[in-house]
Amino acid sequence: MAQNYDVLVIGAGPAGYVAAIKAAQLGLSTACIDKWIDATGKPSLGGTCLNVGCIPSKALLDSSHKYAEAQKGFKAHGISTGEISIDVTAMIKRKELIIKKLTTGIKGLFKANGVTSLAGSGRIVAANQVEFVDHEGATEVITADNIIIATGSVPIDIPPTPVNGETIVDNEGALAFQSVPGKVGVIGAGVIGLELGSVWSRLGSEVVILEALDSFLPMVDQQIAKDVQKNFKKQKLDIRLGARVTGSEVKGDQVTVQYADAEGDQEMTFDKLIVAVGRKPYTDNLFDDSLGIKRDERGFIQVNGQCRTDVPGIFAIGDVVRGPMLAHKGSEEGVMVAELIADKIAQVNYDLIPSVIYTHPEIAWVGKTEEQLKAESVEYNVGTFPFAAIGRAQAANDTAGMVKILADKETDRVLGIHIFGPSAGDLTQQGVIAMEFGASAEDLAMTVFAHPTLSEAVHEAALAVNGHAIHIPNK
Ligand code: FAD
Ligand code: AMP
């Protein structure tokens, strides 16, 4: 009879592997099953995030940013380089090495913390039993007092453009092109579409992004979204809104896409087509509905605020449950659930989960947008400040964008921070910390910010909330 664990986690993405490590650190006997196999046929921990998501996309975003800077940005600093070229194979190899380092790192963390790592797939067969099938096909039933489902998500495939891994790809394929395609189509102007479109556009592809919705980045504060849209146009990212893809035809090594926009039916031919129309929760072959774990109409496992399913002892975390599909959201849920299992008091503050789009400049935000506050009839003050008026941004020749802070009209409590600009992701984190501590705009305004830093834009925006900005441009 196999060992009974206190905790058995299914899925070793950022939700599952963090849950497993935390549970083990709390003294619970823990195992984690994961079935990911990498391109070389070996098991790899870290899920979507480390293998084909957050990390590889950022590796290529950084490589392509450096390339674009060398091509277009150095001149302003007086640097000339001669002809610049990109070795795509070397760039992709660097990305693979980073993945290897980080996924092996999780293996090491499991070992160091005493988590039993099981490579293969798991299926819940009873409230405290999981059938584990390893990669050689050997099967055993593992028992556990608590089961944490962290099986994540997979890309949505739409019927008009079935992914074939060659001309039509999803995120995984788009992170592995071996040369710079001449013309790239991207379906979906969401976070993933914009990031992957940016990578190949910077490297020289002509990129067209087709987006069915008429509005651009509807989840982003619309003042910021408008600023972003203008900037991306200048960067020659061709984003077509109100363009719904209806069909495609692969001919040789090209794909012709049919789409409908306000002017009628259109057609465009690409060397590569990236389908980035969102992700769906993944629960294939994970349990039988008779077990009592419920899914909503979109396939997300139903959980309460503590990530408990309807079956006692079975939790679900990460992309497979409601909430933003973000690595850090899943990791925090993993910590919370491990602590709850260890009888501790724990919670996740779902109101303060930051979002970042890693384009250049970055787009990042936390809390409420102006549109949300209006819809909720909350009265607010707004403070904005452009990076163009920030000395450090001038010094770096990186002056696009602004910081926008929204604060409650009566209490001055910060309700939202929205940034488009250099290092927006890191700058927004200052707002997350402030908001976590219930800061007012005045609290931020009275804080000393080092000079010259990009953070001064946060300071000035906080001052601007109550009309006190010092370096007010255009006045
Ligand atoms: P996953 O990471 O999907 O991991 C689930 C794991 O479970 C997988 O390894 C899977 O093989 C395994 N599994 C599934 N079923 C079973 C089973 N039955 N038995 C055994 N194992 C199983 N988020 C960010 O926060 N920041 C970013 O910058 C960011 N960039 C992204 C870029 C791209 C291109 C993509 C695609 C996603 C990005 N995301 C980003 C989203 C992020 O990757 C996900 O939110 C995150 O990976 C979700 O974590 P998870 O642990 O819930 O699931
Ligand atoms: P996200 O869910 O943020 O990754 O964004 C995916 C985007 O893809 C959404 O903005 C959708 O409107 C868009 N989308 C979905 N289906 C289509 C389609 N057939 N044609 C164009 N855009 C689409």
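**View 1. The hairpin of strands E11 and E12.** In this predicted model, strands E11 and E12 form a hairpin with two residues between them. Gly252, in the turn, has a positive phi of about 60 degrees. E11 covers residues 244-251 and E12 covers residues 254-261, and the two pair in the antiparallel sense over seven bridges. Strands pair if DSSP finds at least two bridges between them. Helices (H or I, at least four residues) and strands (E, at least two) are DSSP runs, numbered from the N terminus. Glu249 stands opposite Thr256 in E12.

**View 2. Polar contacts of ligand 1.** A polar side-chain atom of Asp34 lies 2.7 Å from an oxygen atom of ligand 1. For Thr48, a polar side-chain atom is also 2.7 Å from an oxygen atom of the ligand. Pro14 takes part through a polar backbone atom, 3.3 Å from an oxygen atom of ligand 1. A polar contact here is a pair of N or O atoms within 3.5 Å. Taken alone, ligand 1 exposes 1000 Å², and the protein buries 95% of that (Shrake-Rupley method, 1.4 Å probe).

**View 3. The shell around ligand 1.** Of the 38 residues around ligand 1, Asp34, Thr48, Lys58, Asp319 and Ala327 come nearest; a residue counts as near if one of its heavy atoms lies within 4 Å. Helix H2 gives the most to this shell, with four residues. The shell divides into 17 nonpolar, 16 polar and five charged residues. Ala, Val, Leu, Ile, Met, Phe, Trp, Tyr, Cys and Pro count as nonpolar, Asp, Glu, Lys and Arg as charged, and the others, Gly among them, as polar.

**View 4. The second largest pocket.** This pocket has a volume of about 830 Å³, the space filled by probe spheres set on its grid points. A pocket is an open set of points on a 1 Å grid over the protein atoms alone, where a 1.4 Å probe fits, with protein on both sides within 12 Å along at least five of seven lines; lining residues have an atom within 4 Å of a point. Of the 27 lining residues, Ala68, Glu69, Lys72, Gln235 and His360 are the closest to the centre. Helix H3 supplies the largest share of the lining, six residues. By class, the lining has seven nonpolar, 13 polar and seven charged residues.

**Notes.** Residues are numbered from 1 along each chain as its sequence is written, and chains are lettered from A and ligands numbered from 1 in the order in which they are written. Local features need pLDDT of at least 70, side-chain atom pairs count only at pLDDT 80 or more, and totals for chains, interfaces and linings use all residues, while side-chain values use heavy atoms, with hydrogens and water left out.

Key: A polar contact is a pair of N or O atoms within 3.5 Å; within protein, one must be able to donate a hydrogen and the other to accept it, and residues adjacent in sequence count only if both atoms are side-chain atoms.
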